[in-house]
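This report describes one protein structure for a reader who has not seen it before. It takes up the pockets and cavities, then the sheet, then the packing of helices.

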Amino acid sequence: MKKPYGIHWFRRDLRLAGNPAFSDNYARHEGRVLGIFCFDRVFLSRPDFSERRFRFFLKTLLALRAELRDSGGDLLVLDEGPDPAFASLFAHLRKHPWGNPQLVTWNRDYEPFARERDARLAVFFSEQGVATRTQNDHLLIEPHEVFRNTPQEGYQVFTPFSRRWLERFETPEVQAKVEQQAKGLALLRKRIAGNAESFFKCTWSQFWGGPGPLADVLDDYAERLRANDASLPPAGSKSALQALDAFADRIDAYADHRDFPGIAATSRLSIYFKNGSLTVPQAIARLGLRAYDKKASDGRSKFFSELIWREFYYHILYRT
């Protein structure tokens, strides 16, 4: 018997804890949600390609898949960009007893290329008769929430931007996002402690009834890791939380020591923020960054300022 199910498209949100779009899809389908990641080979030919960064990215995908499978779920990694990948996937789904998913979810991106891609794929899904839902995840406060006179007019100077950003930060809506992410970290700690529960209702092999028609390429790519895995930082949301805990122990010295490369005083969290193993509201919740004084010189205030700078640059990029 056909049952309603959903697909979540992972991009810059490579975690389960506090993943809003994934959680939405999961709740709507009582655990029948399948994960997919579309790996575009164009990534390998970029002029700024880094072998180490690529291997860390693969390690993060492996950690995400392991986390999903430990909870009874699954991740399919396709060796194509999202346009051909979803076209091929849906061609097979039309022949499957369950048919198309009811819903495809993803968390929003803010780069011009990504926004064009997402708009294009939203049209494709609509043509397939499939609903889409997106959520805010990669930023705490999105560009349309902080602007000057109109949503099209963003700030180009940090100080007025930070003032408006902090006004928005103090609203009940944004504080609720921080609290929700804190709950996500609490669930992640339970998994780290070995209290993982199998709460998904479907894997890709169960869905297809055996090997699927589309090849999963993650293990083939992961061969790159075997040669020099020891040189890479630990990856995945569990490792990100451990890095966040370690930084919490030394954040008081952050303002004074962060500019000295010989001292392990920086947060070392940027690699986790970049791929979504960790989010800004999770860091805010864990570090107790509830208020910000631009005149303060303590480590927490300085790090909070750096997080606002991160969001500022994304707001500029969005309007580029």
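Predicted model: local features only at pLDDT ≥ 70, side-chain atom pairs only at ≥ 80, totals over all residues.

Helix 1 (20–28) and helix 6 (172–192) each give at least two residues to the lining of the second largest pocket. Helix 6 provides the largest share of that lining, nine residues. By type, the lining of the second largest pocket consists of 11 nonpolar, nine polar and seven charged residues.

The largest pocket has a volume of about 1,000 Å³. Its lining is made up of 29 residues, and R12, F37, F43, R46 and F57 lie nearest its centre. Several elements supply at least two lining residues each: strand 2, helix 2, helix 3 (82–93), helix 4 and helix 11 (270–275). The lining of the largest pocket divides into 15 nonpolar, two polar and 12 charged residues.

## Cavities

The count of cavities of 30 Å³ or more comes to three.

| Space | Volume |
|---|---|
| Largest pocket | about 1,000 Å³ |
| Largest cavity | about 50 Å³ |
| Second largest cavity | about 40 Å³ |

Around the largest cavity stand R11, R12, D13, N107, R108, D109, D137 and H138. This lining has no nonpolar residues, two polar ones and six charged ones.

The second largest cavity is lined by R12, D137, H138, F273, G276, L278, T279, V280 and R310. Here the lining is split into three nonpolar, three polar and three charged residues. R12, D137 and H138 are among the lining residues of the largest cavity, and R12, D137 and H138 are also among those of the second largest cavity. R12 is also one of the residues nearest the centre of the largest pocket.

Five strands form an open sheet in the order 3-2-1-4-5, and the pairing is parallel. Strand 3 (75–78) and strand 5 (131–135) are the edge strands, each pairing on one side only. From one strand to the next, the twist averages 25 degrees.

Strand 1 (residues 6–9) and strand 2 (residues 33–38) run parallel and are joined by four bridges. In this pair, G6 stands opposite V33 of strand 2.

Helix 2 (residues 51–70) lies across strand 2 and strand 3, and runs at about 150 degrees to strand 3. Helix 4 (residues 112–127) packs on the sheet and touches strand 1, strand 4 (103–107) and strand 5. The direction of helix 4 makes about 170 degrees with that of strand 4. Strand 2, helix 2 and helix 4 are also among the elements that supply the lining of the largest pocket.

## Helix packing

Two packed helices are described by the angle between their axes and the distance between the axes. Two such pairs follow, and helix 13 belongs to both.

The axes of helix 12 (residues 280–287) and helix 13 (residues 299–318) cross at roughly 170 degrees and come within 11 Å. An angle over 145 degrees counts as roughly antiparallel, so helix 12 is roughly antiparallel to helix 13. On the side of helix 12, V280, I284 and L287 make the contact, while helix 13 contributes R300, F303, F304, L307, R310 and E311. The residues of this contact comprise six nonpolar, no polar and three charged. V280 and R310 are also among the lining residues of the second largest cavity.

Helix 5 (residues 158–169) packs with helix 13 at an angle of about 105 degrees, and their axes are 10 Å apart. Angles of 65 to 115 degrees count as roughly perpendicular, and helix 5 and helix 13 are therefore roughly perpendicular to each other. Which residues of the two helices meet? From helix 5 they are F158, F161, S162, W165, L166 and F169, and from helix 13 they are F304, S305, I308, W309, E311, F312 and H315. The residues of the contact of helix 5 with helix 13 divide into nine nonpolar, three polar and one charged. F304 and E311 of helix 13 take part in the contact with helix 12 and in the contact with helix 5.

Notes:
Residues numbered from 1 in each chain as written. Heavy atoms only, no water. Axes fitted to C-alpha atoms, helices over the stretch in contact; angles between N-to-C directions. Parallel < 35°, antiparallel > 145°, perpendicular 65-115°, else oblique. Contact = heavy atoms within 4.5 Å. Nonpolar A, V, L, I, M, F, W, Y, C, P; charged D, E, K, R; others polar. Pairing = 2+ DSSP bridges. 1 Å grid on protein atoms, 1.4 Å probe; cavity = no way out; pocket = protein on both sides within 12 Å on 5 of 7 lines; lining within 4 Å. Points joined across faces, edges and corners; volume = space filled by probe spheres on them.
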